[in-house]
Amino acid sequence: MKHQLFSLSLLLIYCAGNNGLSNIRVSVPSIVLRGETTSFNCSWDMEAEDKVWAVKWYRGNIEIFRFISEENPPIKIFPLENFYIDDSLSNGKSLWLRDVNFHNTGEYSCEVVAEKTFHTLIKKAHMQVVDLPDDRPRISGIKEKYQIGETIEAMCTSWQSHPPANLTWFINEEPARSDYLKPVKIRSEYDDTFTTVLSMKFEISHHHFRKGAIKLKCTSSLLTIYWQSSMVELHEATPRLGKVLGVGKEETSVAPSPVHNKSVVATAVDVEIPAAADISKLEGLTASSAGPWSSMYPVLLAVLSSTWI
């Protein structure tokens, strides 16, 4: 009995080593754009004493194509919804898919069967069908100028891609802090694509301004085949005179005026601080020629002069 088992083992080893079919190779594109035509290729090594009887292609566990050289016609296509096999180009070595769509994403297998021994080899590969965003990401919800203490609420949108795009925010070329970011929103579109939105909100501090500006950048990426970005530059707003005087809703007393020899109560003034070159123009004014500013003239001149010293 032991001798019979040993002989059978030797026979199996002999057959396995002399089946003639080996080294199967499959070439399937890992990423394909929707609407394109693509091809799968299958190759193998075969010794001279044997030949291939059949080549079969599967999508998952479903057979979609078969090639048997001795049959007439040699190819057979198994209909599957949303799969468009080109029978004029497909053969025992290649399988061609036309007008690929998202339903074609998945695992594909090539099976090769030897004629004499019926020895079978099979190898798998994965393909993903994608659709790139319509345009570079768009940044919205912002204004041109900000002051320290204000809150920025910015939104980055990447339209109609499949799968959804990955969005990333940068502030002055550095990744935005996670606590600045809101949860990602993904909206399904009519054409089986997705629009992705990532919002960011934070209060402006001194360190955010670099040379009087804040640079916001949003990048949109998709697997390894797509990367685009958009950038905006936000500028620091010129301080208002009221903020320099420290006035607002509450009244603030100022030192006695040399002209009127009494205390002057400063009220909020909605005017931007002039450049240093314009101080000389104010110095040339008199209280009487200052018009509607006559009551504020001494205070304006004193504060503005000290600001630029």
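Analyst: Let's start with a definition: a salt bridge pairs a side-chain nitrogen of Lys or Arg with a carboxyl oxygen of Asp or Glu within 4 Å. Before we apply it, note that this is a predicted model, in which local features need pLDDT of at least 70 and side-chain atom pairs count only at pLDDT 80 or more, while totals for chains, interfaces and linings use all residues. Residues are numbered from 1 along each chain as its sequence is written, and side-chain values use heavy atoms, with hydrogens and water left out.

User: Thanks! How many salt bridges does that rule give?

Analyst: The count comes to 13 salt bridges. One of these joins the side chains of lysine 51 and glutamate 115, at 3.9 Å from N to O. Lysine 51 sits in the loop between E3 and E4 and glutamate 115 in the loop between E8 and E9, so this pair ties together parts that are 64 residues apart in sequence. The E labels are strands: DSSP runs of at least two residues, with helices (H or I) needing at least four, and the numbering goes from the N terminus.

User: Which residue forms a salt bridge with lysine 124?

Analyst: That is glutamate 107, with the closest N and O atoms 4.0 Å apart. Here glutamate 107 belongs to strand E8 and lysine 124 to strand E9, 17 residues apart, and the pair links distant parts of the chain. Glutamate 107 is partly exposed at 36%, whereas lysine 124 is exposed at 52%. For another case, look at glutamate 63 and arginine 66, whose side chains meet at 2.9 Å, N to O. Glutamate 63 is buried, with 16% relative accessibility, and arginine 66 is partly exposed at 23%.

User: Which residues are linked in a network of salt bridges?

Analyst: Arg34, Asp131 and Asp191 are linked in this way.

User: Let's turn to covalent links. How many disulfides are there?

Analyst: A disulfide is called when two cysteine sulfur atoms lie within 2.5 Å. By that rule there are 2 disulfides. Cysteine 42 is joined to cysteine 110, S to S 2.0 Å. Cysteine 42 lies in strand E3 (residues 38-46) and cysteine 110 in strand E8 (residues 106-114), so the bond ties together parts 68 residues apart in sequence. Cysteine 156 is joined to cysteine 218, S to S 1.9 Å. In that pair, cysteine 156 lies in strand E12 (residues 151-161) and cysteine 218 in strand E17 (residues 213-222), so parts 62 residues apart in sequence are tied together. If you number the bonded cysteines of the chain in sequence order, the pairing reads 1-2, 3-4.

User: What is the torsion about the S-S bond of cysteine 42 and cysteine 110?

Analyst: It is about -90 degrees, so that disulfide is left-handed. For cysteine 156 and cysteine 218 the torsion is about -85 degrees, so their disulfide is left-handed as well. As for accessibility, cysteine 42 is buried at 2%, cysteine 110 is buried at 0%, cysteine 156 is buried at 0%, and cysteine 218 is buried at 0%.

User: How should I read the nonpolar cores, and how many residues has the largest?

Analyst: In soluble globular proteins, nonpolar side chains tend to be buried together. A nonpolar core is a set of buried Ala, Val, Leu, Ile, Met, Phe, Trp, Tyr and Cys residues joined through side-chain atoms within 4.5 Å. The largest one has 28 residues, and those with the most contacts inside it are Phe40, Cys42, Trp57, Tyr108, Cys110 and Val112. Strands giving two or more residues to this core include E1 (21-27), E4 (52-59) and E9 (120-130). A second, separate core of 19 residues includes Ala154, Ile171, Tyr180 and Leu216.

User: Which residues does cysteine 42 touch?

Analyst: Contact means heavy atoms within 4.5 Å. Not counting residues up to four places away in sequence, cysteine 42 touches Ile24, Arg25, Val26, Trp57, Lys93, Cys110 and Val112.

User: And where is aspartate 134 found?

Analyst: Aspartate 134 is in the loop between E9 and strand E10 (138-140), and is exposed at 56%. Leaving aside neighbours within four places in sequence, aspartate 134 is in contact with Trp159 and Gln160. The C-alpha atoms of aspartate 134 and glutamine 160 are separated by 6.3 Å, with the two residues 26 apart along the chain.

Notes:
Buried < 20%, exposed > 50% of the residue type's maximum accessible area, 1.4 Å probe, protein only.
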